[in-house]
Amino acid sequence: MIDSRTPPPMTGDEPTMLNNWLEWHRATLAVKCAGLSEEQLRLRPAPPSALSLLGLVRHMAHVERSWFRRVLRGEDIPKLWNKDKDNDADFNEVDSASVAEAFDTWRDEIERARAISAATPLDAAGDRNGQVCTHRWILVHMIEEYARHNGHADLLRERIDGVTGE
């Protein structure tokens, strides 16, 4: 498994630190999925859990889209993966999901989120269900969201082929 991640700097201003930690965690999920077959990415190695690496990629595409575009920018765009009908569709529908589409969508949503983040002050706020939500809060939440799910990804990957790592 090739790990080309750049460690976050140990010094810097707040936007630099937050964005670099988010990038680290985005890259970590990619590393956890690297080199696996479509079948392995779909595996749910801890029944009855619906967790799979492909499900995590689909979920994080949805999360990127929701927090940066829907909440922070107020874009009126649909949810991904049929989540209007099944809130867990990102995880539940991996057997028939396109791996290429999931990764392309995830990368596209990350690119959009990066552009939004670069153009938005940390104190800028969006609306989430009637609550004010700052860009700063969203960045911290995204770091937490990826960190939690990267822990899942680490366990899933180890169960699939024994590969471990940070």
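The model is predicted: local features need pLDDT of at least 70, side-chain atom pairs count only at pLDDT 80 or more, and totals for chains, interfaces and linings use all residues. Residues are numbered from 1 along each chain as its sequence is written, and side-chain values use heavy atoms, with hydrogens and water left out.

Helices (H or I, at least four residues) and strands (E, at least two) are DSSP runs, numbered from the N terminus. Two packed helices are described by the angle between their axes and the distance between the axes. Axes are lines fitted to C-alpha atoms, for helices over the stretch in contact, and angles run from 0 to 180 degrees between N-to-C directions.

| Helix pair | Angle | Axis distance |
|---|---|---|
| H1 and H6 (residues 135-161) | about 25 degrees | 9 Å |
| H1 and H5 (residues 99-118) | about 175 degrees | 12 Å |

H1 is roughly parallel to H6. H1 and H5 are roughly antiparallel. Angles under 35 degrees count as roughly parallel, over 145 as roughly antiparallel, 65 to 115 as roughly perpendicular and the rest as oblique.

Which residues join H1 to H5? Asn19, Glu23, Arg26, Leu29, Ala30 and Cys33 of H1 meet Phe103, Trp106, Ile110, Ala113, Arg114 and Ser117 of H5. Contact means heavy atoms within 4.5 Å. By class, this contact has seven nonpolar, two polar and three charged residues. Ala, Val, Leu, Ile, Met, Phe, Trp, Tyr, Cys and Pro count as nonpolar, Asp, Glu, Lys and Arg as charged, and the others, Gly among them, as polar.

**Thr28**

Thr28 sits in helix H1 (residues 14-33). Is Thr28 buried or exposed? Thr28 counts as buried because its relative accessibility is 5%. Buried means under 20% relative accessible area, exposed over 50%, partly exposed in between (1.4 Å probe, protein chains only). Leaving aside neighbours within four places in sequence, Thr28 contacts Arg5, Asn150 and Glu166.

Strands S1 (residues 125-128) and S2 (residues 131-134) run antiparallel, joined by four bridges. Strands pair if DSSP finds at least two bridges between them. Gly126 stands opposite Cys133 in S2. The hairpin has two residues between the strands, and Asn129 takes a positive phi near 55 degrees there.

His135 lies in helix H6. His135 counts as buried, at 1% relative accessibility. Not counting residues up to four places away in sequence, His135 touches Phe68, Leu72, Ser117, Thr120, Pro121, Leu122 and Ala124.
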